[in-house]
Amino acid sequence: MNTATVPSPSTRSTPTPRRRHVLRHLAAKPFVFAVCMLPFVWLLFGALTDSLGANPAEALIRGTGDWVLRGLCVTLAVTPLRQLTGRPELARYRRMLGLFTFFYLVLHFLSYAWLDMGFDPQAIARDIPKRPFALVGFAAFLLMLPLAATSFNRAIKALGAKRWKALHKLVYAIAVLALLHFFWMRAGKNDFAEVAVYAAIIAVLLGWRVVHAVRARRITARRTVAK
Ligand code: HEM
């Protein structure tokens, strides 16, 4: 036997362990969680130190509202990003991002209910239908409740994947209502610059899904014809 060709255990090349992708790193989820908490910590700090400006109530309502809209955009961006980059790990962050969006929506609604309405249920029930922008915002809030309630594994199991997926398509209606809420609110001030930016982002994110779904349907149809 020619031992010269057999590498000794010390010289045998061991396969270099593949590095874990940053999205799969153990610290990645806590990191994203901490980043999502930053706006809350910032607003809380501002409220406690009285540094939210001349109108703290308005700053809190608007500040939380802005983060709901940003959260919706980021959550809606996960699927297109996953498809573009071919990184399925991105899907691991969607639930957390969606729940944080809901968290900021609850804060937004509570800020309004407390600071604008003094937690008076009758005043809230009178005010919401009177102001169309508040009405569409409230509709988005109501539609988000079942999504938040069914975002846990047990609910997904109980509903079944197909029904769960169908229910979570509500997020598209929520995005449109949220945009309408923002548009209506800013229309009073004739200030549409930011609305246009969010409208463009949401149009791209929803448009991507439409294009993807049409393509997938065409491929399935072609395969069925070829069979
Ligand atoms: C998905 C749902 C919602 C989203 C995305 C959202 C988002 C926003 C945004 C982006 C703003 C403007 C912030 C700015 O000017 O920088 C805002 C303002 C506001 N929202 Fe919402 N909102 C939602 C639901 C609600 C609900 C349920 C209510 C209460 C019924 C509400 C009441 C208000 C009020 C009172 C203002 C401030 C109006 C003003 O200062 O004149 N919103 N919201």
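Mentor: By class, the shell around the ligand is made of 15 nonpolar, 4 polar and 4 charged residues; here Ala, Val, Leu, Ile, Met, Phe, Trp, Tyr, Cys and Pro count as nonpolar, Asp, Glu, Lys and Arg as charged, and the others, Gly among them, as polar. Please keep in mind that this is a predicted model: local features need pLDDT of at least 70, side-chain atom pairs count only at pLDDT 80 or more, and totals for chains, interfaces and linings use all residues. Residues are numbered from 1 along each chain as its sequence is written.

There are 23 residues around the ligand, and those that come nearest are Arg-62, Gly-65, Gly-137, Ala-140 and Ala-178. A residue is near a molecule if its C-beta atom, placed from the backbone, lies within 6 Å of it. At least two shell residues come from each of α2 (56–85), α3 (94–116), α5 (132–149) and α8 (170–187). With 7 residues, α2 gives the most to the shell. Helices are DSSP runs of H or I with at least four residues, strands are runs of E with at least two, and both are numbered from the N terminus.

Now to the core. The largest nonpolar core has 22 residues, and Val-68, Leu-72, Ala-140, Ile-174 and Ala-178 have the most contacts inside it. Each of α2, α3, α5 and α8 supplies at least two residues of this core, and α8 gives the most, with 6 residues. Such a core is a set of buried Ala, Val, Leu, Ile, Met, Phe, Trp, Tyr and Cys residues joined through C-beta atoms within 7 Å. A residue is buried if 20 or more other C-beta atoms lie within 10 Å of its own, exposed if 12 or fewer, and partly exposed in between, with C-beta atoms placed from the backbone.

Not counting residues up to four places away in sequence, Val-68 touches Thr-101, Tyr-104, Leu-105, His-108 and Ala-178; two residues are in contact if their C-beta atoms, placed from the backbone, lie within 7 Å.

Follow Ala-178 into α8, where the buried residues are Ile-174, Ala-175, Leu-177, Ala-178, Leu-179, His-181 and Phe-182. These buried residues pack against α2, α5 and α9 (193–226). The 18 residues of α8 should span 26 Å at 1.5 Å a residue, and the end C-alpha atoms are 25 Å apart, which agrees; the expected span is 1.5 Å times one less than the number of residues.

In α5, the buried residues are Val-136, Gly-137, Ala-140, Phe-141 and Met-144, and they pack against α3 and α8. Helix α5 has 18 residues and reaches 26 Å from its first C-alpha to its last, close to the 26 Å expected.

Back in α2, you will find Ala-59, which counts as partly exposed because it has 18 C-beta neighbours inside 10 Å. Leaving aside neighbours within four places in sequence, Ala-59 is in contact with Leu-52 and Gly-53.

Two loop residues deserve a glance. Most residues other than glycine have a negative phi. Asp-50, in the loop between α1 (28–48) and α2, has a positive phi near 55°, and it counts as exposed because it has 8 C-beta neighbours inside 10 Å. Asn-190 lies in the loop between α8 and α9. Phi of Asn-190 is also positive, near 55°, and with 6 C-beta neighbours inside 10 Å this residue counts as exposed.

Now step back to the whole chain. Its secondary structure comes to 9 helices and 0 strands. The radius of gyration is 24 Å, whereas a compact globule of 227 residues would have one near 17 Å; the value is taken over C-alpha atoms, and the globule rule is 2.2 Å times the number of residues to the power 0.38. Along its principal axes, the C-alpha trace spans about 95 × 55 × 40 Å. Buried residues make up 17% of the 227. Among contacts between residues at least 6 apart in sequence, 62% join residues at least 24 apart.
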